[in-house]
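Student: I have a chain to look at and some questions about it. Could we go through them one by one?

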Amino acid sequence: MKLSSETIKIIDTKGILNAIDKVVAEQARVNNNINQLAKHANTYRDKISPEIFLNHTKQMAKHLEHRDFMNKFLKQIYQAIK
């Protein structure tokens, strides 16, 4: 490729894997915080208005969908690189 004067793109796989590790670690922290919020909401369920509890439940479902999508996507990238 160098002889034909085409540009070569070098991918820093170590850097990408490090970035994925950082994202996964951050996601673990987010999940921990969400578990604490869910526990609190369930503990005080009778003191929280039904609207707020329903909204909380919907937001948690959205988060789980996004988290699962992201985890699947990151796993695919990780497997492609390794």
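Student: Is Arg67 buried, partly exposed or exposed, and which class does its value put it in?
Tutor: This is a predicted model, and the class follows from the relative accessible area. Buried means under 20% and exposed means over 50%. Arg67 has 23% relative accessibility, so Arg67 counts as partly exposed.

Student: With which residue does Arg67 form a salt bridge?
Tutor: Side chains of opposite charge can pair when their charged atoms come close. For Arg67, the closest N and O atoms of the pair are 3.1 Å apart, and the salt bridge is with Asp68.

Student: How far apart are N and O in the salt bridge of Glu26 and Arg29?
Tutor: Glu26 and Arg29 are three residues apart in helix α1, which means about one helical turn separates them. Glu26 is partly exposed at 41% relative accessibility, and Arg29 is partly exposed at 47%. Their side chains meet in a salt bridge, with an N to O distance of 2.9 Å.

Student: How many salt bridges does the count come to?
Tutor: One joins Glu26 and Arg29. Another joins Asp68 and Arg67. The count comes to two.

Student: Is Asn31 buried or exposed?
Tutor: Asn31 is found in helix α1, which covers residues 13–43. The limit for buried is under 20% relative accessible area. Asn31 has 19%, so Asn31 is buried.

Student: Which residue has a side chain joined to that of Asn31 by a polar contact?
Tutor: Not counting residues up to four places away in sequence, Asn31 touches His63 and Arg67. A polar contact of 3.2 Å joins the side chain of Asn31 to that of His63.

Student: Against which helix do the buried residues of α2 pack?
Tutor: The chain has two helices and zero strands. In α2, the buried residues are Phe53, Met60, His63 and Leu74. These buried residues pack against α1.

Student: What span is expected for helix α2 at 1.5 Å a residue?
Tutor: Helix α2 runs over residues 50–81 and has 32 residues. From its first C-alpha to its last, α2 reaches 46 Å, close to the expected value of 46 Å.

Student: What is the angle between the planes of Phe69 and Phe73?
Tutor: The count comes to one aromatic pair. Phe69 and Phe73 form this stacked pair, with 6.2 Å centre to centre and an angle between the planes of 10°.

Student: Why are Phe69 and Phe73 separated by about one helical turn, and which class does Phe69 fall in?
Tutor: Phe69 and Phe73 are four residues apart in helix α2, so about one helical turn separates them. Phe73 has 42% relative accessibility and therefore counts as partly exposed. Phe69 has 59%, and the limit for exposed is over 50%. Phe69 therefore counts as exposed.

Student: How far apart in space are Thr13 and Lys82, C-alpha to C-alpha?
Tutor: Thr13 lies in helix α1 and is partly exposed, with a relative accessible area of 36%. In sequence, Thr13 and Lys82 are 69 residues apart. In space, C-alpha to C-alpha, the distance is 8.4 Å.

Student: What share of the residues in the chain is buried?
Tutor: The chain exposes about 7,300 Å², and carbon and sulfur atoms supply 58% of that area. Of the 82 residues in the chain, the buried share is 12%.

Notes
Residues numbered from 1 in each chain as written. Predicted model: local features only at pLDDT ≥ 70, side-chain atom pairs only at ≥ 80, totals over all residues. Heavy atoms only, no water. Buried < 20%, exposed > 50% of the residue type's maximum accessible area, 1.4 Å probe, protein only. Polar contact = N/O pair within 3.5 Å; in protein donor to acceptor, adjacent residues only side chain to side chain. Contact = heavy atoms within 4.5 Å. Expected span 1.5 Å × (residues − 1). Areas by Shrake-Rupley, 256 points an atom, 1.4 Å probe, with all protein chains shown as cover. Phe/Tyr/Trp six-rings, centres within 6.5 Å; stacked < 30°, edge-to-face > 60°. Salt bridge = Lys/Arg side-chain N within 4 Å of Asp/Glu carboxyl O.
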